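Let's take a walk through a protein model, one piece at a time. Keep the sequence and the 3D view open while you read.

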Amino acid sequence: MKIYIDMDDVLCDYSSKIKEHKQKNPDNPFPQSLPGFFRSLAPMDGALAAVEQLRKNTNVEVYILTAPSTKNPLSYSEKRLWVEDKFGYEMTHNLIICSHKGLLKGDILIDDHASGRGQEIFEGKLFHFGTIECPDWETVLGKLSSELSSNSN
Ligand SMILES: [Mg+2]
């Protein structure tokens, strides 16, 4: 089973950092363009442990699928650095930086947006992270384990 996991507000806490910067410096409408912004994001609760658990599962291929901030070239390199910081170098082979998520082939996309970057035409199932059906990583892991057991039946 191929699983794609979004970064901002799924693996890393983008929104809290934006809010923090805007409180400190309300005159800058785009704190995400500051050097170091993307690399400094804190992980979402349970995200790192969940990814490590999935990576150990031989029935699962885990990819990180993130749309870049195209006006901010630093976002590309800092997302790559974040992945190495948090998961080690090997995981960078499974990082896909792509503005059109619907082009990818796979079974499950875990994303906090259901549309806008091709999520709406993704061929597999969307786990809409942050919604009532999929509020946190504990729920995601439960849903994935049901998908895996129904796949093997
Ligand atoms: Mg996101």
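## Strands, a metal site and salt bridges

Tyr4 stands opposite Leu109 in strand 4. Keep in mind as you look around that this is a predicted model.

**The strands**

How many bridges join strand 1 to strand 4? There are 3 bridges between strand 1 (residues 2-5) and strand 4, and these strands run parallel. Strand 4 also pairs with strand 5 (residues 125-128): 4 bridges join them, and they run parallel. In that pairing, Asp111 has His128 in strand 5 as its bridge partner.

Now zoom in on strand 4, residues 108-111. Which way do its residues point? Ile108 and Ile110 point one way, while Leu109 and Asp111 point the other way, and all are buried.

**The magnesium site**

Asp6 turns up again at the metal. Which residues coordinate the magnesium ion? They are Asp6 (OD), Asp8 (O) and Asp112 (OD), at 2.1 to 2.2 Å. Along the chain, the donors follow the spacing D-x1-D-x103-D. Asp8 lies in the loop between strand 1 and helix 1, and Asp112 in the loop between strand 4 and strand 5, so this pair ties together parts that are 104 residues apart in sequence.

Is Asp8 buried or exposed? Its relative accessibility is 16%, so Asp8 counts as buried, because the cut-off for buried is under 20%. Asp112 is buried as well, with a relative accessible area of 17%.

Let's stay with Asp8 for a moment. The loop it sits in runs between strand 1 and helix 1 (14-24). The side chains of Asp8 and Lys79 are joined by a polar contact of 3.2 Å. If you leave aside neighbours within four places in sequence, Asp8 is in contact with Tyr14, Phe38, Leu41, Lys79 and Asp112.

**Salt bridges**

How many salt bridges are there? The count comes to 11. Here are some of them, with the N to O distance for each pair.

| Pair | N to O distance |
|---|---|
| Glu20 and Lys17 | 3.8 Å |
| Arg39 and Asp85 | 2.8 Å |
| Lys105 and Glu123 | 3.2 Å |

The pair Arg39 and Asp85 meets in a salt bridge through the side chains. Arg39 lies in the loop between helix 1 and helix 2 (47-56) and Asp85 in helix 3 (residues 74-87), so the pair ties together parts that are 46 residues apart in sequence. Arg39 is partly exposed at 37% relative accessible area, and Asp85 is partly exposed at 40%.

Next comes the salt bridge between the side chains of Lys105 and Glu123. Lys105 lies in the loop between strand 3 (95-97) and strand 4, and Glu123 in the loop between strand 4 and strand 5, so this pair ties together parts that are 18 residues apart in sequence. Lys105 is exposed, with a relative accessible area of 57%, whereas Glu123 is partly exposed at 48%.

Finally, look at Glu20 and Lys17. They are 3 residues apart in helix 1, which means that about one helical turn separates them. Glu20 is partly exposed at 33% relative accessible area, but Lys17 is buried at 17%.

Terms used: Residues are numbered from 1 along each chain as its sequence is written. This is a predicted model: local features need pLDDT of at least 70, side-chain atom pairs count only at pLDDT 80 or more; totals for chains, interfaces and linings use all residues. Side-chain values use heavy atoms; hydrogens and water are left out. Buried means under 20% relative accessible area, exposed over 50%, partly exposed in between (1.4 Å probe, protein chains only). Helices (H or I, at least four residues) and strands (E, at least two) are DSSP runs, numbered from the N terminus. Two strands pair if DSSP finds at least two bridges between them. A polar contact is a pair of N or O atoms within 3.5 Å; within protein, one must be able to donate a hydrogen and the other to accept it, and residues adjacent in sequence count only if both atoms are side-chain atoms. Contact means heavy atoms within 4.5 Å. A salt bridge is a side-chain nitrogen of Lys or Arg within 4 Å of a carboxyl oxygen of Asp or Glu. Donors are N, O and S atoms within 2.8 Å of the metal (3.2 Å for Na, K and Ca); water is not among the atoms, so sites may look incomplete.
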